[in-house]
Amino acid sequence: MKIVKKILNWCITIITILVLILNLYILYVKIIKKQDIIKISGYSAFIVISGSMEPTIKVDDLIIIKEEN
(Lines give C-alpha, C1' and ligand atoms only; values in the text may rest on other atoms or scores of the structure.)
Protein backbone atom coordinates (compact mmCIF):
# COMPACT_ATOMS: atom_id res chain seq x y z
CA MET A 1 0.00 0.00 0.00
CA LYS A 2 2.89 2.37 0.74
CA ILE A 3 4.28 1.84 -2.76
CA VAL A 4 0.96 2.76 -4.39
CA LYS A 5 0.72 5.89 -2.25
CA LYS A 6 4.30 6.85 -3.12
CA ILE A 7 3.67 6.37 -6.86
CA LEU A 8 0.46 8.42 -6.61
CA ASN A 9 2.30 11.23 -4.84
CA TRP A 10 4.98 11.26 -7.56
CA CYS A 11 2.32 11.40 -10.29
CA ILE A 12 0.54 14.30 -8.59
CA THR A 13 3.85 16.13 -8.16
CA ILE A 14 4.78 15.67 -11.83
CA ILE A 15 1.34 16.84 -13.03
CA THR A 16 1.53 19.88 -10.74
CA ILE A 17 4.98 20.81 -12.08
CA LEU A 18 3.80 20.42 -15.70
CA VAL A 19 0.75 22.64 -15.06
CA LEU A 20 2.99 25.24 -13.40
CA ILE A 21 5.39 25.23 -16.37
CA LEU A 22 2.48 25.59 -18.81
CA ASN A 23 1.07 28.54 -16.86
CA LEU A 24 4.48 30.23 -16.76
CA TYR A 25 4.81 29.78 -20.52
CA ILE A 26 1.36 31.30 -21.09
CA LEU A 27 2.27 34.29 -18.90
CA TYR A 28 5.54 34.72 -20.81
CA VAL A 29 3.79 34.73 -24.18
CA LYS A 30 1.03 37.10 -23.04
CA ILE A 31 3.04 39.59 -20.97
CA ILE A 32 6.59 39.61 -22.31
CA LYS A 33 6.08 38.71 -25.98
CA LYS A 34 2.66 40.46 -26.07
CA GLN A 35 1.09 37.88 -28.38
CA ASP A 36 -2.65 37.21 -28.41
CA ILE A 37 -2.41 33.68 -29.80
CA ILE A 38 -0.69 31.06 -27.67
CA LYS A 39 0.80 28.16 -29.65
CA ILE A 40 1.94 24.96 -28.01
CA SER A 41 3.68 22.59 -30.44
CA GLY A 42 1.94 24.34 -33.34
CA TYR A 43 -1.56 24.00 -31.81
CA SER A 44 -3.83 26.81 -30.64
CA ALA A 45 -7.22 26.70 -28.92
CA PHE A 46 -10.10 29.10 -29.49
CA ILE A 47 -13.70 29.46 -28.34
CA VAL A 48 -16.25 30.27 -31.05
CA ILE A 49 -18.02 33.56 -30.25
CA SER A 50 -20.35 33.99 -33.22
CA GLY A 51 -22.92 31.82 -34.93
CA SER A 52 -21.40 32.15 -38.40
CA MET A 53 -20.37 28.49 -38.55
CA GLU A 54 -23.59 26.94 -37.25
CA PRO A 55 -24.92 24.24 -37.36
CA THR A 56 -21.51 22.53 -37.71
CA ILE A 57 -19.75 24.56 -35.01
CA LYS A 58 -21.89 26.20 -32.35
CA VAL A 59 -21.27 29.28 -30.22
CA ASP A 60 -19.05 28.56 -27.18
CA ASP A 61 -17.55 25.42 -28.79
CA LEU A 62 -13.84 24.91 -28.23
CA ILE A 63 -11.84 24.43 -31.41
CA ILE A 64 -8.21 23.38 -31.62
CA ILE A 65 -6.28 24.28 -34.74
CA LYS A 66 -2.87 23.17 -35.99
CA GLU A 67 -0.59 25.58 -37.78
CA GLU A 68 0.26 24.48 -41.32
CA ASN A 69 3.52 25.56 -42.91
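**Note on the predicted model**

1. Lys58 counts as partly exposed, at 44% relative accessibility. Here buried means under 20% relative accessible area, exposed means over 50%, and partly exposed is in between, with a 1.4 Å probe and protein chains only. The structure is a predicted model, in which local features need pLDDT of at least 70 and side-chain atom pairs count only at pLDDT 80 or more, while totals for chains, interfaces and linings use all residues. Residues are numbered from 1 along each chain as its sequence is written, and side-chain values use heavy atoms, with hydrogens and water left out.

2. Lys58 belongs to the loop between S1 and S2. Helices (H or I, at least four residues) and strands (E, at least two) are DSSP runs numbered from the N terminus. In sequence, Lys58 and Lys6 are 52 residues apart, and their C-alpha atoms are 44 Å apart in space.

3. Helix H1 has 31 residues, and from its first C-alpha to its last it reaches 44 Å, close to the 45 Å expected at 1.5 Å a residue. The expected span is 1.5 Å times one less than the number of residues in the helix. As background, an α-helix has 3.6 residues a turn, so residues three or four places apart point the same way. Leu27 lies in H1 and counts as partly exposed, at 47% relative accessibility. The C-alpha atoms of Leu27 and Cys11 are separated by 24 Å, the two residues being 16 apart along the chain.

4. Which residues make the nonpolar surface patch of about 860 Å²? They are Leu20, Leu22, Leu24, Tyr25, Leu27, Tyr28, Ile31, Ile32 and Ile40. Patches are made of residues with over 30% relative accessible area and no salt bridge; like charges are joined within 9 Å, and nonpolar side chains (Val, Leu, Ile, Met, Phe, Trp, Tyr) within 5 Å. The accessible areas come from the Shrake-Rupley method with a 1.4 Å probe, and for residues only the protein chains shown count as cover. Ile40 is found in the loop between helix H1 (2-32) and strand S1 (43-47). Ile40 is partly exposed, with a relative accessible area of 38%.

5. How many salt bridges does a search of the whole structure find? The search finds one. A salt bridge is a side-chain nitrogen of Lys or Arg within 4 Å of a carboxyl oxygen of Asp or Glu. It is formed by Lys39 and Glu67, whose closest N and O atoms are 2.5 Å apart. Lys39 lies in the loop between H1 and S1 and Glu67 in the segment after strand S2 (62-66), so the pair ties together parts that are 28 residues apart in sequence. Lys39 is partly exposed at 39% relative accessibility, and Glu67 is partly exposed at 37%.

6. The charged end of Lys66 sits over the ring of Tyr43, 5.7 Å from the ring centre. The rule asks that NZ of Lys or CZ of Arg be within 6 Å of the ring centre and within 35 degrees of the ring normal.

7. Most residues other than glycine have a negative phi, and most peptide bonds are trans. Lys34 is not a glycine, yet it has a positive phi of about 55 degrees.

8. The loop between S1 and S2 holds Asp60, which has a positive phi of about 75 degrees although it is not a glycine. Asp60 counts as exposed at 60% relative accessibility. Ser50 is found in the loop between S1 and S2, and at 36% relative accessibility it counts as partly exposed. Ser50 and Asp60 are 10 residues apart in sequence and 8.2 Å apart in space, C-alpha to C-alpha.

9. A cis peptide bond joins Glu54 and Pro55, with omega about 10 degrees. Pro55 is placed in the loop between S1 and S2.
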